[in-house]
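These are my notes on a structure with the sequence at hand. I set out what I looked up, entry by entry.

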Amino acid sequence: MLARARQSVNYKDLLYNLVVRDLKVRYKHSALGFFWSLLNPLLLMAVFTFVFTALLPGDKAKPAFHIFFLCALLPWNWCATSTMGTLQSIVGNGHLIKKVYFPREMLPVSVVLSNMINYLLSLPALFFFMLLFRTDSLGSPFLASCNNVCVNQHLIWLPILIVTQAIFLMGLGFLLAALNVFFRDTSVLVEVGLSAWFFLTPIIYDAKAVAGQYANLMYYLNPMASIIANYRDIFYYNSSLSPDPWFILRTLIECTILFIAGYLFFMRVSGSFGEEV
Amino acid sequence: MAKLIEASDSGIGNREAIPPTPDSQFPIPDRRSPTPDPKPPTKVIKFSHTSKRFTLHHERPRSFQEMVVNVFGLRNPSKRGVAMPRPAKEEFWAVRDVNFSIYAGEAVGIIGENGSGKSTTLKLISRIIEPTSGGVSVRGKVSALLELGTGFHPDLTGRENIFLNGSLLGISRKEMAQRYEDIVEFAEMGEFIDTPIKHYSSGMVMRLGFAVAINVDPDILLTDEVLAVGDEAFQRKCLEYIAGLRRRGVTIIFVSHALDAVRGLCNRVIWLDHGRVVADGPSGEVIDRYLTYENERHAHRLRTAQRGGGSQEGSVARPTPVDTSGKNSGDDEPVGALRGQAPAHEVIAPGTRWTTGDVTLTGVTFLDGRGEETTLAHTGAPFTIRIHYAAHQKLEGPVFGLALFTENGTHLNGPNTRFAGLEIPSIEGKGYVDYTVDELPLLAGRYDVTVAVTGPDMADMYDHQHRAYSFVVQPTPGLAERWGLLHMPAHWSFHPNRESGVKNREESDYSPQLPIPDSRFPTPDS
């Protein structure tokens, strides 16, 4: 396994080229290019904010709902796109797999990384709303909670969270990509599963509001729930409470375990990709 | 590079005169591991008891459960029947217990029929698939020309694809940048290099793919019938380049059905049949053995087919084409085929036969210079094709003819008794006609023979058997010529320190300064 890892290092330029290929192909044909990928989350943000603040203005409506929502939606989009992408990464590159030898793990990893870059590029939009809200909302009914949402020192946790999520998505991607080679119905199941997963992850609601007996279950079975809860701590609740380092560490460990399991599984079966794809 | 290619194409160096040790067959001076080198050559590829089993899934009725059980090796044979009734699978061994070692600098051809395991062997070497049992060890950088242009993305430009493809082969961006110019030049891309690949012609894509694959400086180059595609000029360029790589000491594994190309490029050939090694040795010997074997098998198949057809033919009295494919125009085509004009609208399958039943060509035998029957001919030696007939009634002025084809269907000639001025008054009963070549000009290979007998006007097709027989030509010791199809009786001469060519050209060439007789177009001088 160590030899495999060393070999992967030799192919790091392949990884670079695959990521660049992904990004270039994605944005090559549209004039607005990357900005289209922002349109979707911003539209969703507008709709959900309208629904939860105007249509359903309960006591439980979150102040600054649009930031509450957007800071969870963006990492979720990274999760959803890279899950669908890694799922097809081996099968969709069958012509390569059958003709050239290269470390196959490069394909799912490159999908996760190119979607990560996409996510990183969308973060300025989130910061923009965070800053905009702080200046514009002076004197608004949300004044009291205004300090909730601002850019501050807790953001130093952000890189660790991003690495955690990347590790999680790679581990999951290894599993799904390999499974899809042998059982093509995997992709159908995942498509259905993704919409369920969206609602089972605290994106439109708050993880802290989940009923006690389910909260732990949710955190353990769904690493995305922990990851999103962490994001929300640093982006949304950042001044009322500081992020819990132990929770972040636990999430990282859980994701690393999944990554290792996924990698081992992938390595175990990748030898037969050449004949099964 | 041009100089090196010349040396190989002119066939300098008599293969037969040099002892057949694999490394000395091509007397190439600048090889990295020449024979006199006291060091043993490095083993770069080793197959030890290597086997590969493929499972044919007819419908893939597979479940997650089976997958999980298989992967983690938990399957318990005693419980298997209880756990789930497994679907019947068909298994076959693409490669079975294969052993060989390939040394640095060798050029090894792998030959065999379709399904003999050639491509599987290449894929095992390139690690695309893994052996079911046994070991495959490979040392050095492998570049596989399995399919040109693999991995090109249509939306990316040529330049971007060069780097992407290079990194697929494990080359760093820095190294690729150094080779970039060479690649663009070899591929003859010019200003198109910054155009997306989807606007390229297929020829350009292939050129680019080939240029990348060979410019990554491989230690081992694998090729699998890549040269079967593309125009002839490109194929030649590729073959020449591969020959050049070989001289630089690159190990080459060459899989092809084009035995001529294998013979020309490789010093060693491995013949696979049904996944097993049948022969492994100097290319000439192995290819000749293979051709002989193939020829015998081919002849046997045809004999079997003819026996089946012959029994039917007995019951058919009126003129009927035996093969339905010739039914519509059965009378015209065979004459055309005999004259060497293959019908344009369809390819006649070897073994196709038309007959009116008046005369039966009962067989063809091949005779050597001593008049003994053989299926092996030798370049430059006498050779006779004997056509046996049985006329069921008396027929006036028949014409016997034949046609020679190469193995892949190129029509070589179509002589007949009429063209040769041999008038046969009549035939009745059994007999034979001989076609004798005093010095067979054909080079090594397998050739097919069409035989026919027609009426006096060459329109009534009494019996026509298209490419129904074949013989093998083997190289003659002492005759080194081996490129192409023919050995023409000719001689070379050498004239140093003379420039007779220049003088001749001055005398014979048209000179534009000749006075123009027509006064309507006066020269500037006048």
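Before I read off any strand partners, I note the rule that I applied: two strands pair if DSSP finds at least two bridges between them. I also note that this is a predicted model.

**Entry 1. A sheet in chain B**

I first looked up the sheet that contains strand S1 of chain B. Three strands, in the order S2-S1-S4, form an open sheet in chain B with antiparallel pairing. Strand S2 (90–103) and strand S4 (133–138) of chain B each have a single partner strand and stand at the edges, so one side of each has no neighbour in the sheet. I found that neighbouring strands of this sheet are turned by 25° against each other on average, direction ignored.

I then followed one pairing in detail. Strand S1 (residues 43–56) of chain B pairs with S4(B) over 5 bridges, in the antiparallel sense. Which residue of S4(B) stands opposite B:Ile45? I read B:Val138 in that position.

**Entry 2. B:Ser51**

I stayed with strand S1 of chain B, where B:Ser51 is found. Is B:Ser51 buried, exposed or partly exposed? A residue needs 20 or more C-beta neighbours within 10 Å to be buried. B:Ser51 has 18 inside 10 Å and therefore counts as partly exposed.

Next I looked up what B:Ser51 contacts, leaving aside its neighbours within four places in sequence. The list holds B:Trp93, B:Val95, B:Arg96, B:Asp97, B:Pro131, B:Thr132, B:Ser133 and B:Gly134. For B:Thr132, 81 residues away along the chain, I noted a C-alpha separation of 5.7 Å from B:Ser51.

**Entry 3. Another sheet in chain B**

I turned to the open sheet with the order S12-S14-S17 in chain B, which has 3 strands and antiparallel pairing. Strand S12 (359–367) and strand S17 (426–437) of chain B stand at its edges with a single partner strand each, so one side of each is left without a neighbour in the sheet. The twist from one strand to the next averages 20°.

S12(B) and strand S14 (residues 383–396) of chain B run antiparallel and are joined by 8 bridges. Within this pair I located B:Leu367 opposite B:Thr384 in S14(B).

**Entry 4. The nonpolar core**

How many residues does the largest nonpolar core have? I read 161, and those with the most contacts inside the core are A:Cys71, A:Ile228, B:Leu222, B:Ile253 and B:Ile387. Helix H8 (residues 158–182) of chain A supplies the largest share of this core, with 14 residues. I set beside this the general rule that nonpolar side chains tend to be buried together in soluble globular proteins.

I then listed the partners of B:Ile387, not counting residues up to four places away in sequence. B:Ile387 touches B:Leu361, B:Val364, B:Phe400, B:Leu402, B:Tyr432, B:Val433 and B:Val451.

**Entry 5. Helix H7 of chain B**

Helix H7 (residues 202–214) of chain B has 13 residues, and I found 18 Å from its first C-alpha to its last, close to the 18 Å expected at 1.5 Å a residue. Its buried residues include B:Met206, B:Leu208, B:Phe210, B:Val212 and B:Ile214. B:Arg207 is also among the buried residues of H7(B). The cover over the buried residues of H7(B) includes strand S5 (142–145), helix H5 (158–168), helix H6 (173–186) and helix H8 (232–247) of chain B.

**Entry 6. Where the chains touch**

I counted 23 residues of chain A in contact with 27 residues of chain B. On the side of chain A that touches chain B, helix H2 (12–27), helix H5 (94–97), helix H12 (245–270) and helix H13 (273–276) of chain A each supply at least two residues. H2(A) gives the most, with 6 residues. By class, this side of chain A has 10 nonpolar, 5 polar and 8 charged residues.

The buried residues of H2(A) are A:Asp13, A:Leu14, A:Asn17, A:Leu18, A:Val19, A:Arg21 and A:Asp22.

Chain A has 13 helices and 0 strands, whereas chain B has 12 helices and 19 strands. Buried residues make up 38% of the 277 residues in chain A and 35% of the 526 residues of chain B.

Terms used
Residues numbered from 1 in each chain as written. Chains lettered and ligands numbered in written order. Predicted model: local features only at pLDDT ≥ 70, side-chain atom pairs only at ≥ 80, totals over all residues. Helix = DSSP H or I, 4+ residues; strand = E, 2+ residues; numbered from the N terminus. Axes fitted to C-alpha atoms, helices over the stretch in contact; angles between N-to-C directions. Expected span 1.5 Å × (residues − 1). Buried ≥ 20, exposed ≤ 12 C-beta atoms within 10 Å, placed from the backbone. Contact = placed C-beta atoms within 7 Å. Nonpolar A, V, L, I, M, F, W, Y, C, P; charged D, E, K, R; others polar. Core = buried A, V, L, I, M, F, W, Y, C linked by C-beta atoms within 7 Å.
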